[in-house]
Amino acid sequence: MVAYFDAVNDALERLDDMGYERGERNELVNHGPMATETLATLGHGDQIGAWVQVYRAKPHHDRPAPHLPINASDEGSWRPALGDFGRAGDWEQLFVRELADAPWRDVVVRWWPRLISGLLAGITHGAIRTAHAVRSLAGTPKPSRAQLTELARGLAYWAARHRSLPGQAGFRGRASLAQAVAALPREQLEDSLLPPRARVISRERLRRIDELSGYDEALQAVAPEGPQLLLSEMTAEFAGIYLAHTDIYPIPLLHGVTLPAAVRIVLPYLPVEMHLPTVAAVWQLHVALLLAFTGDPRGEDTAREVALQADVPPFDELVARAVEHKDEHVIKFTEACLRENGLRPDPRYAAAVQTAQERIPVPELGLIP
């Protein structure tokens, strides 16, 4: 078995020249560092070389070059650059400097509250890529330059694609998270959410998210609980939501699980006072995902019962299938559900993984849109 440290660094070296995104409209995210770190976490570091070979067949944009330095100590310098993807190279250069001058934990603590309002960045992948980099650094006693650079790129992508949602979420209500989800009104979709229609509809809904019925109320509807428990409720509920919505494109709702699971990785390295505001920002993103991608709550309330009755293999087999499948979303989703199920077992996790593995086509077939 290849050691975690060796597997991660081998992957980062193989992927070093790839830019942040691909696609004609930069609509697809570079999942390479995240998926390979996940393979190493699952104990399949020996598969990384073959996986990277398949993944590199998908052409990505070049790495962005820096143009104008960003001053981290001057809010007038860094704040206007938030959400400006044309400054991605400048953001990367900034975080490389930051990590050369301070421990990585200090850099994360300094920038996390500055970036947390923009979880929508890259459809949540700014925060998720950052979390995978944090897990990599925390898992090695003496991090390599490549691992520090990967954290710089995760933070840079988050900053460059930073996009805030309107309003402010907080846990000031009386409803459970499941009750708040069930009470959220849904605006009927005009058509099935299949690419490219999915991007058109969801982009329009996200643009006017605060105009949609129930959005503002939902932000405050959930009763206060401990951050760790709230994250578990989020991942279990969204695993069930994924099970219920087989009518739409199978990628977007995965992030209702992978985002809070990624945030859980980072919480131990943040001050306690940042924990609940971070989880509140995740809840706000969840509300937006539900309103943007689902037109009704079909089957969400019975998803747990459906999962209990499903013929689902054990997680060790699901992991083996994910590695064989090779799709980056499948690999990341499987590991996130495995980890969440280990903390608070729920049948929805394994059933959702099996559904994702069946619905998402394997990369070798050339069907990933």
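Here are legends for a few close-up views of this structure, which is a predicted model.

**View 1. W51 and Y55 form a stacked ring pair.**
Let us start with the aromatic rings: a search of the whole structure turns up 10 aromatic pairs. In the pair shown here, the ring centres of W51 and Y55 are 4.7 Å apart and the planes meet at 15°, so the two rings count as stacked. Both residues belong to helix 3 (residues 48–55), where they sit four residues apart, about one turn of the helix. W51 is buried, with a relative accessible area of 3%, and Y55 is buried too, at 2%.

**View 2. W78 and W111 meet edge-to-face.**
The ring centres of W78 and W111 are 5.3 Å apart and their planes stand at 70°, so this pair is edge-to-face. The pair links distant parts of the chain, since W78 is in helix 4 (residues 75–78) and W111 in helix 6 (residues 104–115), 33 residues apart. Both W78 and W111 are buried. Ring pairs also join W78, W91, F95 and W111 into a cluster.

**View 3. Two arginines lie over aromatic rings.**
Over the face of W111 you will find R114, at 4.4 Å from the ring centre. Elsewhere in the model, R161 lies over the face of F85, and here the distance from the ring centre is 3.9 Å.

**View 4. The side chain of Q284 reaches a backbone oxygen.**
Q284 is part of helix 14 (residues 275–293). Is Q284 buried or exposed? With a relative accessibility of 10%, Q284 falls under the 20% cut-off and so counts as buried. The side chain of Q284 reaches the backbone oxygen of G167 at 3.2 Å. Setting aside neighbours within four places in sequence, Q284 is in contact with L165, P166, G167, Q168 and A169, along with Y215 and L219.

Technical notes. Residues are numbered from 1 along each chain as its sequence is written. This is a predicted model: local features need pLDDT of at least 70, side-chain atom pairs count only at pLDDT 80 or more; totals for chains, interfaces and linings use all residues. Side-chain values use heavy atoms; hydrogens and water are left out. Rings of Phe, Tyr and Trp (its six-membered ring) pair if their centres lie within 6.5 Å; planes under 30 degrees apart count as stacked, over 60 as edge-to-face and the rest as tilted. Helices (H or I, at least four residues) and strands (E, at least two) are DSSP runs, numbered from the N terminus. Buried means under 20% relative accessible area, exposed over 50%, partly exposed in between (1.4 Å probe, protein chains only). A charge sits over a ring if NZ of Lys or CZ of Arg is within 6 Å of the ring centre and within 35 degrees of the ring normal. A polar contact is a pair of N or O atoms within 3.5 Å; within protein, one must be able to donate a hydrogen and the other to accept it, and residues adjacent in sequence count only if both atoms are side-chain atoms. Contact means heavy atoms within 4.5 Å.
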